[in-house]
Amino acid sequence: MEFVSGYRDEFLDFTALLFGWFRKFVADRGAVETILEGRWQQLEAQIRRLPQDPALWVLHVLPNHSVGISLGRGAESGPGPGLGAGWLLGDEPPLHLRDLTPYVSFVSLEEGEQGEEEEEEEENGDDNASTEKVEPEEDGEPAHGIRESPQEANPPGEAEETEQEAGGAEDGCPEDRAEDRSGPEKRKGQKSEAAPLHLSCLLLVTDEHGTILGIDLLMEGAQRSSGKGSETENLAPRAYALLCHSMACPMGSGDPRKPRQLTVGDAQLHRKLESLVPRLGVKLAKTPMRTWGPQPGFTFASLRARTCHVCHKHSFEVKLTPCPQCGAVLYCGEACLRADWRRCPDDVSHKFWCPRLAAFMERTGELATLPFTYTAEVTSDTFNKEAFLASRGLTRGYWTQISMLIPGPGTPRHPQGSTPSLGLLLNGDPYQLLQGDGPALMPSVPPDPPRGLLGSWQDYYAWRGLSLDSPMAVLLTYPLTVYYVITRLVPQAFPELNIQNKQSLKIHVVEAGKEFDLVMVFWELLVLLPHVALELQFVGDGLPPESDQQHFTLQRDGPEVSVRPGSGVSARLSSGMKEKGGRRDLQIKVSARPYHLLQGPKPDLVIGFNSGFGLKDTWLSSLPRLQSLRVPAFFTESSEYGCVMDDQTMAVATGGGTSPPQPNPFRSPFRLRAADNCMPWYCNAFIFHLVYKPPPASGARPVPGPGPPASTPAPPAPAPARRRRGEKKPGRGSRRRR
C-alpha cells in the first residue's frame, strides 16, 4: 500500500521526525563549525532579522544515567549522527514499535554498572573490592559519584568494555547477567557482539507550550575530557549551535523565528550563554530555571511536520505542496510529482489514483460531521491530540493506549501472577479504566437496555446519559462498532441467519491489535445486549505469545466487574445460561497465531478493525480460510483508500470481493495524523463485509443436484409412499428386502 497513515504507530512518525531533524542538524553543524568568524556574524545577523515568537523558549539539559541504546542487526541503516530516517520512511516502513526490535533496543545501565563492579572485584582483587563495596551497601545502588566520574571508577580503556558488558543482557534479567559472568571467554565474546551506546545527556529546545523545536544527543565520553568544568565549556558551543539551528529551522510546525525570551535549565550553562544569546537578539532570563517538571497545561505536543510522499523529506527541509488536481498527496516539488505520476506499473502511479483520491477528499466534511462539542478541534487537520488529552487529565488508564505515552525501560509490563499478559489489561473495573484525572466520564451503573436500536453517537450518548463534551467515543468506538454490525449490518446483509434472536454469539476478532489493549471496553456490549451470552476470541500473531490459549470471564459482582479464569464456555454459550442476577458474562479467549492456523468451532461472526489486508502477508492465507468457513465477516478501515486496497487483496487471495464501504456512525472522532497526505483518516471510519466467491458446485447445476441422471429422473420415492398407505405390511417388507 502506498499510504500507511491509519495503520502506523504515531510514535514511529515521531521517531522518524526526531532522527531526520537530528541528521540535518549534525550535517549543518559540521559545516558551521568550519566557517570563519565573518560567516558566523552573517548567520547571527540573519537570525536577528527573524520574526519574534511571543512564547517563551526553554533549553532543557536532561542527563541520563540509566538507559543505554543497543544496536542490533541492521544497525548500519539505523539511527545515527550520519544516517537518516529512511529506514523509518522507506518503501516498506515499520508499522509498529515492536518492528524496531531487530534494529534498536534499550538496556538498563544501572544493572550493568552493578555487574561491572562485581566483575572488577573478581579481576582486580580484594583491595579494589573493598573500596567499591562501601557506598552501594548504604543506599542499595551504585554510588552517584561513580556515575558522574567514570574515569575514577574505570581505568583508561575500560569504559568501552563496561558499556559492552552492561548491554550483554538485552532484557536486563539477573539470570542472564549471572550467565555472562560464568566465564571470561563468554564475556569477551559478548563484548564484541554488543556495544550499547550511552546517551549521557539530551539537549532539548521547546517552547512553553511543549512544541519540540530542536534536539541534540550527547553520547558517552563526548563531553567528559577534563572533568565537570570542561564538560560545561564544551557544552556551551553545542547548545548555542542548537539554539541557532532551532530558530532557523524549527522542528515543530511554524516558520523560522526567534523567541522573545529564553530560559536555560542548567546554572553553569546559563552563565556560559549570557554572552552568546544576546548576539541573536534574544533576551536571556535573569536566572536559570532551577527545577523543571511538567507544569499544568504543559505537554509535548504532537508534531505536525509533514513529509514528501516520494523522497520523504520533512517540511523543515523543503516546502511541501499538495497535488494541484486531487489535493490529497504532498510533494516537495515538480520532480517528485512527475516521478510519482509516471510510476510503473500504471495502477500504482499517481496518474491512476489521482481522480480516485479526489473523490476520497470529498468525504472530508461528511466524516467530520459529529455531534460532539469538541468536533471542530479533533477533526481539524492540525489536531493536537497530546495537548487535548493532557488538558482534560486523560493521562492514565486506557487513555495511555491512544497517546504516544509508552512504558519506559525497566517498567514491568504486567503484574506478577498466573496471568502475565492479560493481568494488566484486565486489572480493575472497566469504568475505572475509562476515567481520567478529572470528573467522572462514565457512570458506573449502566442504564436499562435500550428500547430501540441505536444508530448514532447522539443516540448512544442520550441513552447512556453522557454529555456531548465527553470524549468517551474515542475508546468506545470498538464495542459500539460490534453492536452496530450485530444489530444493523448482519440483518441487512444476511437476514437468513436471524442473528438478532440468538441467545449466544461466538465472535472472532481477527488480527487483533490496539483493540486487544482496550479489551475491557467490550464489557459495554453486555450493557447494550444483555440478552446475549458473548464470547470474544482475539486472534492474531501480533498478540503477546504468553497470552496464547488464555481464557477469562468478565462478570459483574454488584457495582464492580470481576475477572476470573474461564471454563466451560462452550457449554454455557450453547445453552445460553444466565448468571446470578439475570446478567450474562463475557468470555474472552486469546489465540496468538494467524487466523488460518486457528483450530476450533465455527464462529457466528468475524470482525476486524482497521484491517489493512495489503500490509500483512498472513491475510493471503487468512482470507481463503474465511472463504472456506463462509461466515459473515465484517471489517473496518480508516479511509476509503484502505477499502479499495482490501477489495483488491480479497480478489487476489480468493477471487471474491468486498461490499461497497459505508461510513461507520460509531467511528472515532479523533482525526488520525497523516504525514505525506491530506486525506481524512479516522479509526473505524468505514465498514464493509466480505463477498465470497460462489463455490464451484453451485455454478451451473444447483437445481438437478450432483447425482448422475440415471438415478435422479426415476420417481421411486413417491410410488412407495402411495403403496405404503394402501398396503402397509407388503410395503415395509419390500423395503427391507431391497
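Throughout these legends, buried means under 20% relative accessible area, exposed over 50%, and partly exposed in between (1.4 Å probe, protein chains only). This is a predicted model, in which local features need pLDDT of at least 70, side-chain atom pairs count only at pLDDT 80 or more, and totals for chains, interfaces and linings use all residues. Residues are numbered from 1 along each chain as its sequence is written, and side-chain values use heavy atoms, with hydrogens and water left out.

**View 1. Asn684, a buried residue with positive phi.** At 0% relative accessibility, Asn684 counts as buried. Its phi is positive, about 60°, although Asn684 is not a glycine. You will find Asn684 in the loop between β18 (662-663) and β19 (686-691); helices (H or I, at least four residues) and strands (E, at least two) are DSSP runs, numbered from the N terminus.

**View 2. His312, a partly exposed residue with positive phi.** Here phi is about 65°, and His312 is not a glycine either. The relative accessible area of His312 is 24%, making this residue partly exposed. His312 sits in the loop between β7 (283-284) and β8 (321-322).

**View 3. The cis peptide bond between Cys344 and Pro345.** Omega for this bond is about -5°. Pro345 belongs to the loop between α13 (334-341) and α14 (350-361).

**View 4. Strand β6 and its parallel partners.** Strand β6 (residues 258-264) is largely enclosed by the rest of the structure, because 6 of its 7 residues are buried. Two strands pair if DSSP finds at least two bridges between them. Strand β1 (residues 52-63) pairs with β6 in the parallel sense over 6 bridges, with Val58 opposite Thr263 of β6. β6 also pairs with β7 in the parallel sense, over 2 bridges, and Leu262 has Leu284 in β7 as its bridge partner. Helix α12 (residues 267-273) carries the chain from β6 to β7 in a right-handed β-α-β crossover; right-handed means that, with the strands pointing away from the viewer, the path from the first strand over the helix to the second runs clockwise.

**View 5. Two stretches with pLDDT under 50, residues 75-85 and 567-582**. pLDDT is the predictor's confidence in each residue, from 0 to 100. The protein chain averages 74, and 65% of the residues score at least 70. Beyond four places in sequence, the model has 18 contacts (heavy atoms within 4.5 Å) for residues 75-85 and 28 for residues 567-582. A friendly caution: where pLDDT is low, the predicted coordinates should not be read in detail.
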